[in-house]
Amino acid sequence: MKAKNLLLIAGMILYSFVIGCDRPECKNLNPVFDTCSPESFEYKKELAKQLNLVDKSKLTFWLKEYREEKGNEELLFNVQGDGLCAVIVMKVESWNKLELVRQKKGVSFRGAMFQNLKFEVRQNESDISFIYRDLDRIID
């Protein structure tokens, strides 16, 4: 009987852990995010605007993809929270705390939550870039 109870408790803990790591569903209500690609200036301009309006402590970042484009390495994240539901393309200049993500080209980290992700927004009249700076930890 004790073994059965322990197995049941272990199963419940494992189930809650697996469920807890899944990205919550979010619904985009912003037409710019529906009609433009995350690489477009219009999309990035709207995303930068929305990021200034939300409480950044309520945002979560979930790795969507690693990619190399024209010699540059980028990470794409689903960013959501406080009414925001979008994709952010983040350039990485320093792979601080992301060495393994880079080595694996993101493959084993897809869907992982990047906790307390910090980034910088660089903007001029022709482009906007989101630049990775740091994070607390990766929850995979």
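## An aromatic cluster

Phe61, Phe77, Phe114, Phe119 and Phe130 form one aromatic cluster, where rings of Phe, Tyr and Trp (its six-membered ring) pair if their centres lie within 6.5 Å. This is a predicted model, in which local features need pLDDT of at least 70 and side-chain atom pairs count only at pLDDT 80 or more, while totals for chains, interfaces and linings use all residues. Residues are numbered from 1 along each chain as its sequence is written, and side-chain values use heavy atoms, with hydrogens and water left out.

## The chain as a whole

The chain has four helices and seven strands, and from the N terminus on these elements run α-α-α-β-β-β-α-β-β-β-β. Helices (H or I, at least four residues) and strands (E, at least two) are DSSP runs, numbered from the N terminus.

Of the 140 residues in the chain, 37% are buried, a term that means under 20% relative accessible area, with exposed being over 50% and partly exposed in between (1.4 Å probe, protein chains only). Among the contacts (heavy atoms within 4.5 Å) with a separation of 6 or more, 52% are between residues 24 or more positions apart.

## Aromatic pairs

The structure holds six aromatic pairs. One of them, formed by Phe61 and Phe119, is edge-to-face, with 5.8 Å centre to centre and 70° between the planes; planes under 30 degrees apart count as stacked, over 60 as edge-to-face and the rest as tilted. This pair links distant parts of the chain, since Phe61 lies in strand E1 (residues 60-69) and Phe119 in strand E5, 58 residues apart. Both Phe61 and Phe119 are buried.

Tyr66 and Trp95 form a tilted pair, with 6.2 Å centre to centre and 50° between the planes. Tyr66 lies in strand E1 and Trp95 in the loop between E3 and helix H4 (99-103), so the pair ties together parts that are 29 residues apart in sequence. Tyr66 and Trp95 are also buried.

## Helix H3 and its cover

Helix H3 (residues 41-53) has 13 residues, which at 1.5 Å a residue should span 18 Å, and its end C-alpha atoms are 19 Å apart, which agrees; the expected span is 1.5 Å times one less than the number of residues. The buried residues of H3 include Tyr43, Leu47 and Leu51, and their cover includes helix H2 (31-35), strand E2 (72-81), strand E3 (84-91), E5 and E6.

## Strands E5 and E6

Strand E5 (residues 118-123) and strand E6 (residues 128-134) run antiparallel and are joined by six bridges, where two strands pair if DSSP finds at least two bridges between them. A hairpin connects E5 to E6 through four residues, and Arg122 has Ser129 in E6 as its bridge partner.
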